[in-house]
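Here's a quick tour of a protein model, written for someone just starting out. Keep the picture open while you read, and look for each residue as it comes up.

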Amino acid sequence: MIVCSNCKHTNMDGAMFCAECGSQLVGKDLITQNITVQNLDRTNEHKPRNDVYQSFDSSDTWGSLHLLDTGQVLPLSTRNEFTMGRISEGQPIMPDIDLSPYQAYASGVSRLHAVIKRNGNRIIFMDLGSANGTYINGKRLTANVEQVLNHGDIIALGKLKLQILVKNA
């Protein structure tokens with residue numbers, strides 16, 4: 001168990017942020033270093049990164065997730081259910097929506113953090129027992145309990161904030 005130095009709340013081992021007050025639990029003593037850029041390969045400098053910015057045909061989407069920090073859009077299309085999390089080396093089970101390119105690790109997103117699914121006209125969201133929790137409109141979800149989402153709700157996976165926009169809501 002990790003005790004938060006800010007509010008003294010006891011958090012689960014592996015948590016990066018306090019579940020009570022949101023303070024960072026690990027990495028406070030990290031040291032930054034200057035790096036030189038003179039030896040970096042600049043051949044890919046002006047190429048678009050297709051792994052981060054993906055164009056999509058919105059005709060088959062039922063909704064989208066908007067990353068509030070960057071403004072990027074992640075379409076929810078074709079399928080009715082998606083797992084969300086981040087990829088890490090040697091991980092046997094991969095999330096359907098990889099949030100690694102959006103600073104997921106630094107934000108406290110678990111490898112398999114949550115699931116979002118469409119059931120008729122309802123959008124269901126569930127935390128999968130993540131280390132740093134999931135919040136909908138500021139309210140912490142209980143792990144493994146389904147929660148109905150509404151158009152415009154703000155979802156926080158750890159510290160990574162997304163807004164759900166549902167087509168024809």
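The model is predicted, so local features need pLDDT of at least 70 and side-chain atom pairs count only at pLDDT 80 or more, while totals for chains, interfaces and linings use all residues. Residues are numbered from 1 along each chain as its sequence is written, and side-chain values use heavy atoms, with hydrogens and water left out.

**The sheet**

- Strand E9 (residues 134-136) and E12 run antiparallel and are joined by three bridges. Names like these come from DSSP runs numbered from the N terminus: helices (H or I) have at least four residues, and strands (E) at least two.
- An open sheet of six strands, with antiparallel pairing, goes in the order E4-E3-E13-E12-E9-E10. Two strands pair if DSSP finds at least two bridges between them.
- What stands at the edges of this sheet? E4 and strand E10 (139-140) do, each with a single partner strand, so one side of each has no neighbour in the sheet.

**The nonpolar core**

- In soluble globular proteins, nonpolar side chains tend to be buried together.
- The largest nonpolar core here has 25 residues, and Leu65, Met84, Leu99, Ile116, Phe125 and Leu157 touch the most other members. Such a core is a set of buried Ala, Val, Leu, Ile, Met, Phe, Trp, Tyr and Cys residues joined through side-chain atoms within 4.5 Å.
- Elements giving two or more residues to this core include strand E3 (61-67), strand E5 (81-85), strand E8 (122-127) and strand E13 (160-166). E13 gives the most, with four residues.
- Take a look at Met84: its contacts (heavy atoms within 4.5 Å) include Leu65, Ile97, Leu99, Ile116, Phe125 and Leu157, not counting residues up to four places away in sequence.

**Salt bridges**

- How many salt bridges does the structure hold? There are two, where a salt bridge is a side-chain nitrogen of Lys or Arg within 4 Å of a carboxyl oxygen of Asp or Glu.
- Asp96 and Arg79 form one of them through their side chains (2.9 Å, N to O). This pair links distant parts of the chain, 17 residues apart: Asp96 is in the loop between E5 and strand E6 (97-98), and Arg79 is in the loop between E4 and E5.
- Asp96 is partly exposed, at 38% relative accessible area, and Arg79 is partly exposed at 39%. Here buried means under 20%, exposed means over 50%, and partly exposed is in between (1.4 Å probe, protein chains only).
- Lys117 and Glu146 also meet in a salt bridge through their side chains (2.9 Å, N to O). That pair links distant parts of the chain too, with Lys117 in strand E7 and Glu146 in the loop between E10 and strand E11 (147-149), 29 residues apart.
- Lys117 is partly exposed at 21% relative accessibility, and Glu146 is partly exposed at 42%.

**Cysteines and His9**

- The structure has zero disulfides (pairs of cysteine sulfur atoms within 2.5 Å).
- Is Cys4 buried or exposed? Cys4 is buried, with a relative accessible area of 1%, whereas Cys7 is partly exposed at 33%.
- You'll find His9 in the loop between strand E1 (2-3) and strand E2 (10-11), and His9 is partly exposed at 27% relative accessibility.
- Leaving aside neighbours within four places in sequence, His9 is in contact with Ile2, Val3, Cys4, Cys18, Ala19 and Glu20. His9 and Ala19 are ten residues apart along the chain, with 7.8 Å between their C-alpha atoms.
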